Amino acid sequence: MKLCIYSSVLTILSLCTFGALALDNASLLKEARKSSDNIINVSGKDYETILSGHRDANILVLFTSNSPQFGCSLCAELESEYEALVSSWFHDHPDALSKDDSEKALFFAKAMVKSPQNIPKIFADFGIEQIPRLHLLKAGSNNMLDSEIVDIPADKDIARVQHLINALKSATSITDFEVHEKVNWGSTIITAVSVFIIVFLLKKHTYIATYLLNSRLVWGVLSVSFIILMIGGHMFNKIRNTMLAGTSKNGEIIYFIPNDFQNQFAIETQAIGVVYGILATMVVTLAIGIPKLGELYKGNKRRSVVEASFSILCALFVYMFFAALTYVFNLKTGGYPFQLLKISSLFH
Amino acid sequence: MSIFGAAVSARLFSVIRFESIIHEFDPWFNFRATKYLINNSFYDFLNWFDDRTWYPLGRVTGGTLYPGLMTTSALIWHTLRKIGLPIDIRNICVLFAPAFSGVTAIATYYLTKEIKDSSAGVLAAAFIAIVPGYISRSVAGAYDNEAIAITLLMVTFMFWIKGQKTGSILYSSFAALFYFYMVSAWGGYVFITNLIPFHIFLLILMGRFTSKLYVAYNTWFIIGTVASMQIPFVGFLPIRSNDHMAALGVFGLLQIVALGDFVKSKLPPRKFKIVMIVSLLIILAIGIAGLFLLTYMGLIAPWTGRFYSLWDTSYAKIHIPIIASVSEHQPVAWPAFFFDTHFLIWLFPAGVFLLFMDLKDEHVFIIAYSVLCSYFAGVMVRLMLTLTPVICITAAVALSKVFDVYLDFSSAIDPQRRNLTSLLSRLIVSGTFIFYLYLFVFHCTWVTQTAYSSPSVVLPSTSPDGSMALIDDFREAYYWLRMNTDEDAKVAAWWDYGYQIGGMADRTTLVDNNTWNNTHIAIVGKAMASPEEKAYEILKEHDVDYVLVIFGGLIGFGGDDLNKFLWMIRISEGIWPDEIKERDFFTPEGEYRVDSRASKTMKESIMYKMSFKDFPILFNGGQAVDKVRQQAISLEDVGTLDYFDEVFTSENWMVRIYQLKEDDPEGRSLKEVGDFERAKGKLTKKRKITKPDLTLRV
C-alpha cells in the first residue's frame, strides 16, 4: 500500500518536473525499489523523465525482448544474468552508492520491446537496431543520448556477469563491485525432500518396488519412451539449444520450420513424439491387445463384432496419424510426393 | 533370392544416372589402396609407406588403415581372374557395396528368424534391402568401410545370437571370426565390443546366467580379442584402451559368476549369501582401484575423444573443433529419421515393446541394441547407419505379429465358422498395412533416386529447358593434371580434395582427407590466407609446383574454397595466432564479404586473388556477380597476381590451377618483374576468355 502511494506521488512529481531536470539519486533509488529486482523500467513513454537532464548517477540500460516473435535466444540468456548483475550490486550497496566513494552511484534500467509492430520510443531515440544491447549512461552528463555501448561478452552465466562487472568497473571507476551468486535453495530443498520421500516409500513398500523393478511393462514403457524421445530428435534440441517455437514473417507463431529438413523447433519433438507414441500403441494393440480382448469375450456372441470394430478403429487411427505425419513431413521437405490423403479431405 | 536382387538393383541408380565411378572423397583413397594391393603383395601392402601424400612427411599408410575392405575386393579380383573372369578392379570396387548389401539382407533374414520366425525374417530382409538409411552408404560407387561393415555387423550378431542360444562353440567361434573381420574393416567395431558384453551383463543382472552363456562368451571373447590384435592399426588397444575395458570386465565378471554358481550348489543358502556379499564388495573395490591406478600410470589409454563426444555432447565443441566441424558428426533432427526409414520408424518402438512381452535372452540383445543405438544415432548422424538394421528387425517383428493375427483367414475358409464381420476387419487391417508396405517401396525408390545417388564428383544440374546436365569439372581438371604436369609434381589444395587428387590425378599432395597432422593442414591454410610474397615463400619451401582452388562463384556451387576459407583461417590461426587473425578477414562490421567492401587482408590473400582472377573480365564490363555469395565483384577489387601463373581453368570455372613462377633470371623479385611488365603494358591482355554456355550442354 505504501509503495503504491509512493509511486503515485512520484508520478505526479515527475509529471510536474517533466523535462526540467532528471531524477536525483534518491528518486532513482525509489524508482528502482518499485520492482522487486531493483531494475528501473524504461519501456514506457515517460522514460525521459528518468533518463534525460543532468544525472549524478551512472545508469546502465539493457535493451532486450522476451517475446517469441523476435526469437532472440541471447536475450533470454541475458535476462537472468542481468538480474544476477543487479542483485550483486544491490547486495553490497542497498542505496546504490559506492562505498568507497559515495558520490558514485550506479543504477540499472531495462527497456523491453513486446512486438515488432509496437516498438517503444526509447528504441528509436537511442537508435537501437539490434537487441540485446547495453548502453551505459555515464554520470555527470546532461545529454541523455550521450551514452556508450557496453559489449556483451561471449561467455555464459556467471562468467559473463563477471566480465560485465569488470567492464562497468573500468567504465565508471567504481571499485567495489563483486559478484554474488544466488544460491538456489529451492531446488536443493526439493531434491532433498523428494529423495527422502522416495527412500521412505521404497522402505515402506519394498514389495511394490521390487514388483515395479521386475515388471516388464514398466521397463518396456520406459525404454520405448526413451527410444521415441531419441527418434523424435531430442538430442538435436539438447545439443543445438533450439527454440521452443518460432515465428513466420508475418509475426504468427509457427511450430514447424517449413522447408527446412535439417532443422527443427523443440516443440516438434513433442508433437512427433506423441504421434509416434500413438502409432506404436495402436500397433501393439492390434498385435496383442485385440486377441486378448477376444479372449475376454470368449463364448460371447458379440465377440466377433467387438473384435472387428476395435481392430478397424485401430487401423483407422493408424491411418489418421500416419497421414498427419506425412503431412507434417511434407511441410518440412516440400514436394514430398507420397503424402497420404487426409480423411477429412474426403468430405470436402 | 529376389530380395538379394532388389537390394542390388536399388543401389544401381547412381551407375545408371551417372556412370561407373567411385563417389565422394574417402572411397578414392580406398580405391587407390586397393590398386596398390593388387599390384603388390599383401606384406608390401601392410608395410606400405606412401610418399605421395602429406609431402614431405609421407604417411605410414599400411599401419594406419583398416585393411578389411581392400583385402576383400583384392580377393574377389584374384578369384575371378583365376576362374577366367578378368574384371577391371574399378568395376569390382564400384559394385562392391551393392553386392555386400545383398549379403546383409540374407544375414538379417537369419538373425530375425532367430528372434521370431521366418516370416518376420523375410520382412526384415526385405526392409534392409531397400531402406534408404542403409542405401545411403551402400550405393554403387560408395566404396567405403561402412559398405562392408554393416554386412559384417549383421553376420556377427547372427552368429552371436545362435551361439548364446545354443551354447555352441562352433557358432561362437564364427561370431569371433566375423568380429575379427569387422575389426579389420571398420573402426566402429567398438560397438560390437561393447554391445555383446552389455548383453551378457544384462542377462546376469536378470538372473539368467547359464553355462551356455559362459561357453559362448568366453569363446567369442578370447578368440575375438586375440584375433583382433593381429590388425596393425589396432595392435594392443584391446587390452589397453578403456573402450575395450567393458568386454574385459564382463569376461572377469562371468568367471566370478560361474564360480559363485558352483559355490552356491555346494553351500547352504545362508552361508552363500555372506560369502557372496563380501566377495562382491572386495572385487568391486579392487576392480575400480585397479582401473584408476592403471589409467593414472598411463598403462591404459583413456577414452578416445570421439567416445567422449558421444556421452558429453558439448565435449567436442569445446575440446576438439575438428570433430565438431565434420558434418557427419552433427545431431539428427526428426525428419531425417523419417526420411531414412519411412513407416518403419513408428513400427520400431512398437516392435521393441512387443519384444519386451516375450523377453527371451536374444530379445534382450535386440532391446539393448535399439535403446543404445537410438541414442547414438540421435547424437551423430553417421551412426544412423548402425541403427537402421535394428529398426528393420524390430519393425519386421511388429509387422509380422500384426500379420500373424490379421492375415489368418483360416476361419473364413472354414464354412462352419464363417464370419463376415471378422473377415472384413481382417481385410481392412491387413489391407492398410499392405498399402503402407507398398508406399514404403515407393518412398525408398524416391529417396534413393533423389538423395543418395549422386557421386559428388560429377554434379547433376538442370539446364533451362529442364533436361539433366552433368557438370564434370573436377574430372576435367584432374585429368588435365595427370596429362600436363610432371609425374612428381606437388599440388597444394585444401585437404578435402587430397584423396581425389591422389586417386584421379595421381599427383603428390600436401594434405589429404586422413587428417592426421593438424599442423601440416594449417600450413596449407596459412599459405592460402597469406598475401602473395609470403604464400609463395611458404609454398616454395614445400616444393609445391601447383596450387589448386575450387571456385563455385560462376555456377553457384556452394561447397567451394571461399566458403571453406574460414576454416582454413581458423585452423592456421590455431597454430600461428600472431600471423593469421580471423578478425582481419571480416569487414569492420563483422561481415564476411568478397566484394568491394571486403577487408584488405581478404583481398590480398591468394585464395581471393586466385578465385576471382579475371572473373570480372568474363562479364565484359557487366556486373560480375558471385552466385554463391550474391555479391558483385568489380575489376578494381581483384589485385594482380605476380608470383603465380594461371595454367588451367575448367569449363565452368570450378577448378582453377595455378603454377608457381620460376625465379627471375635477373634476380629481381617477381613483384618487381610484374610491375615492370605492367609499366611496359605487356601484361594487359592475356588469353581470350569466353563465358561457358550453360544452356547448350546436354
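Start with M182(B). Leaving aside its neighbours within four places in sequence, M182(B) contacts A149(B), L152(B), L153(B), T156(B), Y189(B) and I192(B). Bear in mind that this is a predicted model.

M182(B) also comes up in the core analysis. The largest nonpolar core has 222 residues, and the members that touch the most others are M182(B) and V283(A). Helix α22 of chain B, residues 384-406, gives this core its largest share, 14 residues. There is a second core, separate, with 37 residues; Y47(A), A57(A), I59(A) and F108(A) are among them.

Next, the interface. On the chain B side 44 residues are in contact with 50 residues of chain A.

An unreviewed UniProt entry lists residues 490-540 of chain B as "domain: STT3/PglB/AglB core". That stretch is 57% helix and 10% strand, and its end C-alpha atoms are 11 Å apart.

Last, one helix pair. The axes of α27 (residues 518-529) and α29 (residues 561-575), both of chain B, come within 8 Å and cross at roughly 115°. The crossing of α27(B) and α29(B) is left-handed. On α27(B) the contact includes T519(B), G525(B) and K526(B), and on α29(B) it includes M568(B), S572(B) and G574(B). By class, this contact has 8 nonpolar, 4 polar and 1 charged residues.

Methods: Residues numbered from 1 in each chain as written. Chains lettered and ligands numbered in written order. Predicted model: local features only at pLDDT ≥ 70, side-chain atom pairs only at ≥ 80, totals over all residues. Core = buried A, V, L, I, M, F, W, Y, C linked by C-beta atoms within 7 Å. Buried ≥ 20, exposed ≤ 12 C-beta atoms within 10 Å, placed from the backbone. Helix = DSSP H or I, 4+ residues; strand = E, 2+ residues; numbered from the N terminus. Contact = placed C-beta atoms within 7 Å. UniProt positions renumbered as here; feature names shortened; annotations may be inferred. Axes fitted to C-alpha atoms, helices over the stretch in contact; angles between N-to-C directions. Left-handed = near helix turned anticlockwise from the far one by under 90°. Nonpolar A, V, L, I, M, F, W, Y, C, P; charged D, E, K, R; others polar.
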